[in-house]
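Let's take a friendly walk through this model, one topic at a time.

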Amino acid sequence: MNNDAQTLDCLIIGAGPAGLIAAIYLARFRRAIKIVDAGYSRASLIPLSHNYPGFPDGIGGDALLARLRTQVARYDVDIIAGMVTRIDRRDDGFFIGRYGTGGVESVAARTVLLATGVIDIEPELPHLTDAIKQGYIRHCPICDGYEVIDRKVALIGYGKSLVKEALFIHHYTRDLTLFGLGRDMELSDADHRVLREKNIRIIEEPIAEVCIEGGRIAALRGASSKSHHFDTLYSALGTSVRSDLARDLGADCDECGDLLVDSRRLQTSVPGLYAAGDVVNGLNQISVAAGHAAIAATAIHHELSRILQS
């Protein structure tokens, strides 16, 4: 095992937009940092984003990540491919991050920035990943609702989140159908009344398959095999927050698992442990992640200055 040969100012966990932007700031603050990244950034699934500032023609998630990695490389920052399996806190206040198969590698750091993000809860449908990368299945109408104005849209999900998402999308298009994937949609009488008033259709039979035909979505119903055609399919099944490492250290979270942080510094309830991006309670947007990264990195720099001068 590596016996903490290198002591870092900050260990950054995750190389999505938040982690990479924080690395740029901290490198320019002349801090010793390292990024450990497990891959699978949610941003990589974005086919083309039109609401990230500075790209009037849009930019794909992979292209944005590549640009950020190129910028990080200018400062000789190590990006290690691997999964951080555990973070411990030593008596002297240093964090020990363990990564690699079985946690066989370790690194010591004065501070840690979690930029681990979230994972979308996906429906169990064939051809799902290809449909997402081609922009036929979407997850964020805040990001791309503008692109479905007056289009024919399907929305899958259940419960209050489904109704909330449906009303949000209804702002862009009146041609909206809800699918329940064959399970109880958990809609109250009041929910049904609101949906009827908006002329939002409901189909509770399961979707058997998602097909792309002629640049459109075809969602095939189960027993009847009747085909319903849409331009776009939104998923409102929620997300799984990658906050386990922080929770194991005792960091405070909300009921969904999002980390609760000091908004002025982006520090969690654990001193020295910071967070940025979708893992933080709030609006899951790349531009928000960029702001988080700048705030957290600057706070970390000031905290390190205070520690090293004391």
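## Helix α5

The exposed residues Lys160 and Lys164 sit on the face of α5 that is turned away from its buried side. Here exposed means over 50% relative accessible area, buried means under 20%, and partly exposed lies in between, with a 1.4 Å probe and protein chains only. The buried residues of α5 are Gly159, Leu162, Val163, Glu165, Ala166, Ile169 and His170. They cover an arc of only 165° around the axis, so they lie on the same side of α5; the arc is taken from the directions from the helix axis to the C-beta atoms.

Helices are DSSP runs of H or I with at least four residues, numbered from the N terminus.

## About the model

This is a predicted model, in which local features need pLDDT of at least 70 and side-chain atom pairs pLDDT 80 or more, while totals for chains, interfaces and linings use all residues. Residues are numbered from 1 along each chain as its sequence is written, and side-chain values use heavy atoms, leaving out hydrogens and water.

## Cysteines

How many disulfides does the structure hold? There are zero disulfides, a disulfide being a pair of cysteine sulfur atoms within 2.5 Å. For Cys256, the closest cysteine sulfur is in Cys253, and at 10 Å it is too far for a bond. Cys256 is exposed, with a relative accessible area of 53%, whereas Cys143 is partly exposed at 27%.

## Ile142

Ile142 is placed in helix α4, residues 141-144. Its relative accessibility is 40%, so Ile142 counts as partly exposed.

Notes: Helices (H or I, at least four residues) and strands (E, at least two) are DSSP runs, numbered from the N terminus.
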